[in-house]
Amino acid sequence: MSSDELQLAEYKAAERRLVRKVDWILMPILTITLGLQYYDKAVLGNAAVFGILTDLGLTQTINGVTYTTRYSTATAAFYYGYIVAVLPMALIFARAPLAKAAGLVVCIWGVICILTVVCHNYEGFVAQRFFLGLAESAVSPAFVTVTALWYKPQEQATRLGIWYSATGIFSMVSGVINFGLGHAGGAHAWKSLYYFCGSVTIAWSFVIFFLMPTSPLEPGRFFNEAERAILLRRFQENPVGKDRQPFHFDQFVEALLDYKTWLYLLMATSIYICNGSVTAFGAKIISGFGYTSLQSTALLIPGGAVTCVTIYIFVYFADKYKNIRTYLLPLSCIPVVIGAIVIWAAPWSPTAGPLIGYYLVASFGAPYVLLLSLASANTTGTTKKAVTSGAIFIGYNVGNIAAAYLVFAQEAKIKYRSTWISVIVGMVFASLASIVLRFAYVYENKRRDRLAQATSEARPVAEDEKSSTDGLPAIDSVAAFEDKTDKQRPEFRYTL
C-alpha cells in the first residue's frame, strides 16, 4: 500500500469514527426532542378517553347522536397554528444559532403544554392548541436543517429515519405512561397527562440549550482539533448543508416556482391524512373494537413498534442502495393500504383482525421519512431548502387538519368508512407522485448530462455517488460550494 493510500485509509477510518461520535451526540437529542413534540400534541388522543371530552365540552349530542366536531376542531387548531408559523420559523432557523434557538422554543412549548390544565371550556382549549402549534412548528424544519448541516446527502436518510422514528418510540412509551397515569384515576385524570408531558419538555429544553453543538463550524467542547479539521472539510464538501446564510429573495422565488416544491407539499398532505386514524382518534377507534379505555391506551403501544421497524427498514435500503428512494416510497405505502382494507373489512370485535389492520396503518411514517430524505438530498441553497422544508411541513399540517375531519362519529356503525377510503386514496396518490418525481429527476439529469457534454464541462457527479475520496466531488473551487440552488448548479444531479 502506497503512502497516499495509507493516508486515505487512515482519514476514512477517522471520519467514520467522527460520524459515529456525531451520531451519539446529536441523534439522542434530536430523537428525544421530536418524541416529546409528538407526545405533547398526541396526548390529546389519550386524554379523550380520560375525561377531557366531557370536562371541556368537546362533544355534542343532538337528537341522540353524539358528534365530535368540536374535538376535531380542537385537534386541527394545533395544525392551524403550525401552518401559520412553519415557513417563517424555517427561514429564521436558517439564520439563527440552531441549538440555542431550539432550546428556547422547546421551553416555550413546554410552558404552553402544561397550561392546558387551566383550560375550562372549548373556546379556551382551541386557543391553547393554536399557540401550541405556533411554538412546535420550529422543531421539525430545524431538525431537517441540522441533519443537512452535519451529514452528507448519502448519510441523511438513515439519520432522518432515526430521529423521526421517535414518533413510534414515544407512542409506545407514552402509551405505558398514560396507561399508568390514567389508571391512577381521579376526577380529572387527563390533567395528569399534561402536567407530566409539559414538565418533562421544559426540563429537556435546558439539555438542548447547553449540550447540543451549534454547527460543524462551531462544534463546541465535545470535539478535539483533529476532529474539528475533519468536520470543517466535511462541511466544505457538503453542497446541501450551509450554516446561517443570509436570506436570498431569488431562492425564495425559485422555490415557489419550482413544481417539485408543490408536489412535495401534496405528497406530505396525502401521507399525513393517515394521522387522524392513528394518533388523534387512535384510542377511540380501538375502543370501538370492544376494548375498555385503559385497554385501548395499552393497545396503542404495538403500533409505535410498527412505525419504528418500518422506518428503519426502508431508510436502511435508501442509504445502502443508490437511486431507489422513489421506488421505495410506493413500496412503503403498500402496508398502509393493506391495513386500511383489513380494518375496514374485518369484523370489529376484540380479536386480532382489526388490530393487525390498525398496526399496519401505523407504518405511514416510512413514506414520510423517504419524502423528507428525497427533498433534502435534492434541494440546495439555504433559503430554497428552508422554503421546501416549510412546504413539506405545511402539507403535513394540511393532511392532519383534513384527517381530523375525516373520522365521523356517526360512521361508527359502518367502521368509519370515510376514514379508510381517504387513507387508501392518500397512499395511492403519494405512490404515483413518487413515480412522477422519478421521471422528472431522470429527465433533468439527462438534460444536464447533454448540456455538460455540449459545453465540454467536467463529468458531473451524482449527489449520492461516491467519489474516490469521501463520497462527494473533490473541491475544485470555493465557488462550487457557494450558497447556490440546485437549479443554479449545472453539475448537480438529482438523487432518485
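This is a predicted model: local features need pLDDT of at least 70, side-chain atom pairs count only at pLDDT 80 or more; totals for chains, interfaces and linings use all residues.
A residue counts as buried when its relative accessible area is under 20%, and because Asp486 has a relative accessible area of 1%, it is buried.

**Salt bridges around Asp486 and Lys384**

- Asp486 forms a salt bridge with Lys384, and the closest N and O atoms of this pair are 3.2 Å apart.
- Asp486 lies in the segment after helix 21 (417-454), whereas Lys384 belongs to helix 20 (residues 382-404), so the pair ties together parts that are 102 residues apart in sequence.

**Other salt bridges**

- Glu444 and Arg447 meet through their side chains in a salt bridge with an N to O distance of 2.5 Å.
- Both Glu444 and Arg447 lie in helix 21, where they are three residues apart, about one turn of the helix.
- The two partners fall into separate accessibility classes, since Glu444 counts as buried at 16% relative accessibility, while Arg447 is partly exposed with a relative accessible area of 34%.
- Glu491 and Arg489 also meet in a salt bridge through their side chains, at 2.7 Å from N to O.
- In this pair Glu491 counts as partly exposed at 29% relative accessibility, whereas Arg489 counts as buried at 7%.

- Helix 16 (residues 301-320) packs with helix 17 (residues 325-345) at an angle of about 165°, and the axes of the two helices are 10 Å apart.
- Angles over 145 degrees count as roughly antiparallel, and helix 16 and helix 17 are therefore roughly antiparallel to each other.
- The crossing in which helix 16 passes helix 17 is right-handed.
- Asn323 is placed in the loop between helix 16 and helix 17, and it is partly exposed, with a relative accessible area of 25%.
- The backbone of Asn323 has a positive phi of about 55°, although this residue is not a glycine.
- For context, most residues other than glycine have a negative phi.

**Nonpolar surface patch**

- Val309, Ile313, Tyr316, Phe317 and Tyr321 form a nonpolar patch on the surface, and together they have about 460 Å² of accessible area.
- Val309, one of the patch residues, is found in helix 16 and is partly exposed, with a relative accessible area of 45%.

- Ile92 and Phe247 are 155 residues apart along the chain, and their C-alpha atoms are separated by 9.2 Å.
- Ile92 itself lies in helix 3 (residues 69-93) and is partly exposed, with a relative accessible area of 49%.

Note on methods:
Residues are numbered from 1 along each chain as its sequence is written. Side-chain values use heavy atoms; hydrogens and water are left out. Patches are made of residues with over 30% relative accessible area and no salt bridge: like charges are joined within 9 Å, nonpolar side chains (Val, Leu, Ile, Met, Phe, Trp, Tyr) within 5 Å. Accessible areas come from the Shrake-Rupley method with a 1.4 Å probe; for residues, only the protein chains shown count as cover. A salt bridge is a side-chain nitrogen of Lys or Arg within 4 Å of a carboxyl oxygen of Asp or Glu. Helices (H or I, at least four residues) and strands (E, at least two) are DSSP runs, numbered from the N terminus. Buried means under 20% relative accessible area, exposed over 50%, partly exposed in between (1.4 Å probe, protein chains only). Axes are lines fitted to C-alpha atoms, for helices over the stretch in contact, and angles run from 0 to 180 degrees between N-to-C directions. Angles under 35 degrees count as roughly parallel, over 145 as roughly antiparallel, 65 to 115 as roughly perpendicular and the rest as oblique. A crossing is left-handed if the near helix is turned anticlockwise from the far one by less than a right angle, and right-handed if clockwise.
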